[in-house]
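Good morning, and thank you for coming.

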Amino acid sequence: MLSSPVYECSSGHVTCARCYGESADNACSYCDVTGCTRSRAVEEFLYGISFSCRNQQYGCNAFLLHDQMRAHEQSCHHDPCFCPVPRCGFAGQTYELESHLATLHRWDVVKFRYGESFEVPVHKPAVFCCEDYGELFHIVSSREGYGTALSMICIRPDNACKEEFMYELKIPAGGRHRLQMQSTVWNTSLRYGIGEGSDVFLLVPDKLPGNESGSVVEVCINKAAASEASY
Ligand SMILES: [Zn+2]
Ligand SMILES: [Zn+2]
């Protein structure tokens, strides 16, 4: 089956249907000549070429026609997650990333279950692995003024099934006080790094009463009900 049409101008420049459609007067996107015509010959040539999967370097050997490849990449089992440690560059399956973080970076791996609270130190890097489904979570912490900003990410492949997670963080703050927040987990493969992170975070002041030494945060992660997940 052929994919979207391809257009050719009188000078021989080839334009895909989208770029052709985007120009105001259906002009060639290279030389602005108007009156491009559809080129079946170029279409057949282009869509007859097989491509390797974008995950070839991560172990996928699929070699398919353009259209088939697009469908394949939506469900390719080799779609990787990337290591959150800056400049590391490691990419692999979720379980490979988990053992990479544990062995190479000496991160703690904390097993947990959805809906059950667990405690982790704020300043020690750790990854949380769901005991039942194997999803990986991590608290991103960054400096914000006089405190540390905490937010949660789920490290999963770009083509993983749509899933929404909620998380809750609680930090005791001496006496009857505590800091607490609830938000949506940011799903990311970390292909482009952590970047700015999430806009929503829990700010833990450096001088939090009752929590000066070795802050501990209580974490609870939940799967959002299907109806709450945004598609
Ligand atoms: Zn693939
Ligand atoms: Zn790494």
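Predicted model: local features only at pLDDT ≥ 70, side-chain atom pairs only at ≥ 80, totals over all residues.

The protein is divided into domain 1, residues 6-75, and domain 2, residues 81-223. The centres of domain 1 and domain 2, taken over C-alpha atoms, are separated by 40 Å.

Three strands form an open sheet in the order 2-1-3, with antiparallel pairing. Strand 2 (14-16) and strand 3 (37-38) each have a single partner strand, so they stand at the edges and one side of each is left without a neighbour in the sheet. Strand 1, residues 6-8, pairs with strand 2 over 3 bridges, and there tyrosine 7 has threonine 15 as its bridge partner. Helix 2, residues 40-47, lies across strand 1, strand 2 and strand 3, at about 135° to strand 1.

I turn now to strand 13, residues 165-172. In a regular strand the side chains alternate between the two faces of the sheet.

Which residues are the bridge partners of leucine 169? In strand 17 the partner is valine 219; in strand 14 it is methionine 181. Strand 13 runs antiparallel to strand 17 (residues 216-223), with 6 bridges, and antiparallel to strand 14 (residues 178-184), with 7 bridges. Strand 13 and strand 14 form a hairpin with 5 residues between them, and glycine 174 in the turn has a positive phi of about 80°.

Terms used: Residues numbered from 1 in each chain as written. Chains lettered and ligands numbered in written order. Pairing = 2+ DSSP bridges. Helix = DSSP H or I, 4+ residues; strand = E, 2+ residues; numbered from the N terminus. Contact = placed C-beta atoms within 7 Å. Axes fitted to C-alpha atoms, helices over the stretch in contact; angles between N-to-C directions. Domains from an automatic or database assignment.
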